[in-house]
Amino acid sequence: MKLLIMGPPGAGKGTQAKILAHKFNLVHLSTGDILRKEIDRNSEVGLKAQTYMNAGNLVPDEVLLEMMNSTLTELKDEGVILDGFPRTIPQADGLSKIFQSLNQDIDAIINIEVDKDVLIRRLVERAKNSGRADDTEEVIKNRQNVYLELTAPLIEFYHGNIINVDGDGSIDKVTERILKRIP
Ligand code: ADP
């Protein structure tokens with residue numbers, strides 16, 4: 001099974017992705033987590049990504065596409081849940097090509113919807129102990145704007161194949177809503 005989970009920063013997609021990965025025995029691929037690990041390792045990808053991430057901007061598409069192409073090819077025969085990728089239209093185009101070349105398809109696309117005010121409140125709360133360099137108020141605002149400009153258009157791109165889920169409420173409640181809708 002290949003699942004894709006989307007939503008604005010703070011929507012809880014990482015949390016839900018972990019739960020779904022566990023439940024369906026999928027490899028959880030969070031591009032944010034992968035990039036943070038690359039930064040910690042001082043790898044070539046990490047060095048390329050760091051300045052963009054710290055400012056709350058997107059890492060260039062080519063870097064993500066190359067990274068995800070090799071990861072998805074390696075995990076060809078495994079179930080995966082993609083969390084944080086694709087984040088732009090060119091990434092979504094690239095992802096279709098990757099899956100095409102592997103003779104695979106996306107089984108479901110989950111989009112978690114949450115009001116902007118709730119999102120900011122959650123992120124400011126999380127920032128208190130996340131230790132993430134991109135969790136300051138200014139950078140959080142930039143991440144929201146980047147989402148609206150570059151990532152939200154994916155909802156239209158995947159129109160018709162997307163499962164919209166209300167992300168307001170407890171973690172369990174949101175999981176329950178997702179599970180009801182997965183084919
Ligand atoms: P959040 O969704 O809470 O903003 P993530 O951990 O998913 O956090 O991502 C953190 C940062 O990692 C992003 O702001 C961006 O700089 C980088 N990043 C993650 N995924 C991608 C992607 N698909 N394309 C470009 N940059 C990405």
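Me: A polar contact is a pair of N or O atoms within 3.5 Å. Which side chain has a polar atom 3.2 Å from an oxygen atom of the ligand?
Reply: This is a predicted model, where local features need pLDDT of at least 70, side-chain atom pairs count only at pLDDT 80 or more, and totals for chains, interfaces and linings use all residues. Residues are numbered from 1 along each chain, and side-chain values use heavy atoms, without hydrogens or water. A polar side-chain atom of R143 lies 3.0 Å from a ligand oxygen. The side chain at 3.2 Å belongs to R132.

Me: Which residue has a polar backbone atom 2.8 Å from a nitrogen atom of the ligand?
Reply: Start with the 19 residues around the ligand (a heavy atom within 4 Å). K13, T31, N57, G84 and Q91 come nearest. The backbone atom at 2.8 Å from the nitrogen is in G84.

Me: How much of the ligand's accessible area does the protein cover?
Reply: On its own, the ligand has 550 Å² of accessible area (Shrake-Rupley, 1.4 Å probe). The protein covers 97%.

Me: How much space lies in the largest pocket?
Reply: The ligand takes up this pocket. Of its 49 lining residues, P9, K13, R87, R126 and R132 are the closest to its centre. The lining divides into 19 nonpolar, 19 polar and 11 charged residues. The space is about 1000 Å³.

Conventions. A polar contact is a pair of N or O atoms within 3.5 Å; within protein, one must be able to donate a hydrogen and the other to accept it, and residues adjacent in sequence count only if both atoms are side-chain atoms. On a 1 Å grid over the protein atoms alone, a cavity is a set of points where a 1.4 Å probe fits but cannot get out, and a pocket is an open set with protein on both sides within 12 Å along at least five of seven lines; lining residues have an atom within 4 Å of a point. A molecule sits in a cavity or pocket if more than half of its atoms lie within 2 Å of its grid points. Grid points are joined across faces, edges and corners, and a volume is the space filled by probe spheres set on the points. Ala, Val, Leu, Ile, Met, Phe, Trp, Tyr, Cys and Pro count as nonpolar, Asp, Glu, Lys and Arg as charged, and the others, Gly among them, as polar.
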